[in-house]
Amino acid sequence: METYRELNLGLPAQCESIRSEAHHFAMEVMRPAAMAIDRGAEAYPFSVADSRLGQVLKASYGLGYHLALIPERHGGLGLPSIGVHILLEELGWGSAGIGLSLVASSLPATAVIADGRPELIAQFVKPFAENRDASWIGCWALSEPRHGSDHFLVGSEEFRYPTTRAQLVARADGNEYVIEGQKASWVTNGGIATHALCSVAIEPSKAAHCFFLIPLTTPGISREEASGKLGQREMNQGALVFDNVRVPRAWALKGEGFEQEVARLLAIAHSSMAAVICGTARAAYEEALTHSKRRWQGGKRICEHQLVQERLFKMFSEVEACRALSRATLVHNWEAAMPSLENAIAAKTYCTRTAFEVADQAMQLFGADGFTPGNLIEKLFRDTRVSTIQQGANEVLGLAGAHRILE
Ligand SMILES: Cc1cc2nc3c(=O)[nH]c(=O)nc-3n(C[C@H](O)[C@H](O)[C@H](O)COP(=O)(O)OP(=O)(O)OC[C@H]3O[C@@H](n4cnc5c(N)ncnc54)[C@H](O)[C@@H]3O)c2cc1C
């Protein structure tokens with residue numbers, strides 16, 4: 001396997017050591033587990049105990065990789081922002097599904113940190129930051145069965161004044177809210193999470209929404225297993241169903257308004273996803289490069305054919321472009337008081353589309369071998385394809401980005 005040689009940017013030693021540690025973990029632990037789960041060793045486990053996915057998550061938590069997005073003062077890894085990008089890229093190289101599961105796990109904590117109330121930080125951030133055996137797993141539940149894209153169209157009329165009734169609704173009752181309804185079966189970690197950051201519509205207004213932090217052991221919450229899927233099959237997903245669930249008002253995040261909060265969270269989530277999927281694109285390019293040196297056709301290795309050389313170089317350039325854009329965006333958004341959503345959308349949509357194109361080119365280079373089930377390249381092809389829909393369909397995110405630049 002080719003190992004990646006980055007331009008010499010004079011990175012701090014801490015970045016080089018996280019890269020080599022994370023790359024080793026991605027190669028030895030994440031990728032073999034992701035391949036096994038993808039082939040059906042276990043589909044969608046609802047428990048981290050005794051499952052292959054559980055073992056990988058425990059090992060990832062043991063290394064603190066669930067804390068990539070958590071600031072050092074709240075127990076994070078203390079990496080410079082460029083080190084966060086390097087870590088996420090390596091995780092995406094090992095497995096997009098598991099890398100993004102780790103990112104999703106930390107999103108509730110990032111929202112609570114932005115809210116800033118010490119009692120919520122003690123309840124939801126501290127135990128997560130201290131956890132090392134994946135017994136604290138978060139999820140971010142935005143989508144509903146009848147609300148997919150419209151929840152990602154920040155700034156649009158559809159987002160501000162939804163025409164279809166929200167499917168997760170809270171009504172105030174004394175010091176509590178009573179929550180009813182459900183979130184879509186696509187929620188990452190939905191089957192295994194211990195707590196959720198949920199967007200909820202507040203009755204009686206159709207338009208007022210709020211984020212709630214909710215432990216998923218709260219009475220009245222159940223889960224529904226996601227059905228099989230094409231890509232990132234190692235990622236656990238499931239629906240959350242709420243039946244007369246009573247939560248204290250304190251679990252509702254205050255924030256600067258729902259739209260601002262969604263914009264902030266999406267900016268972090270999209271920047272992170274661009275970094276993860278850049279690693280997946282690199283994995284596809286490296287697979288193709290290695291294959292081109294091994295496969296003989298027409299009396300020579302296929303890398304000796306000019307068409308193949310040109311194709312490989314194009315893939316290399318595309319991975320470099322993904323890295324440059326995703327890294328600049330993540331570094332800015334990690335350090336900025338208010339991250340830039342439009343830049344994050346640009347990075348997410350560009351990197352996911354490009355990753356799929358790189359994987360598609362790699363499939364072409366593998367010829368018929370690429371279509372063999374159990375071949376890594378066909379998995380990367382499926383994993384990158386779903387990334388163009390995951391966390392907002394790219395064309396819909398493009399509309400949201402257009403709203404921002406036209407504001
Ligand atoms: C692997 C994976 C992980 C996910 N993880 C999570 C998670 O952790 N939490 C969560 O809440 N959700 C999650 N999702 C759900 C994801 O956010 C949605 O799938 C995504 O937002 C698209 O919504 P949809 O699938 O309902 O598609 P739809 O909204 O039905 O859209 C289908 C197509 O219709 C078109 N379209 C729809 N609306 C518009 C519009 N207004 N303008 C123009 N075109 C439009 C677009 O072309 C779009 O591609 C995940 C999904 C996947 C696949």
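The shell around the ligand comprises 12 nonpolar, eight polar and two charged residues. This composition belongs to a predicted model. In total, 22 residues surround the ligand, and those closest to the ligand are Trp140, Leu142, Ser143, Ser149 and Glu395.

| Residue | Protein atom | Ligand atom | Distance |
|---|---|---|---|
| Trp140 | polar backbone atom | nitrogen | 2.7 Å |
| Ser149 | N or O atom in the side chain | oxygen | 2.6 Å |
| Glu395 | polar side-chain atom | oxygen | 2.4 Å |

On its own, the ligand has 970 Å² of accessible area, of which the protein covers 69%.

Two elements, β1 (138–141) and α11 (394–406), each give two or more residues to the shell around the ligand. Of the elements, α11 makes the greatest contribution, with three residues.

At the level of domains, where does the ligand lie, and why? Residues of the shell come both from domain 2 (138–251) and from domain 3 (258–406), and the ligand therefore lies between these two domains.

Technical notes: Residues numbered from 1 in each chain as written. Predicted model: local features only at pLDDT ≥ 70, side-chain atom pairs only at ≥ 80, totals over all residues. Heavy atoms only, no water. Near = heavy atom within 4 Å. Polar contact = N/O pair within 3.5 Å; in protein donor to acceptor, adjacent residues only side chain to side chain. Areas by Shrake-Rupley, 256 points an atom, 1.4 Å probe, with all protein chains shown as cover. Helix = DSSP H or I, 4+ residues; strand = E, 2+ residues; numbered from the N terminus. Nonpolar A, V, L, I, M, F, W, Y, C, P; charged D, E, K, R; others polar. Domains from an automatic or database assignment.
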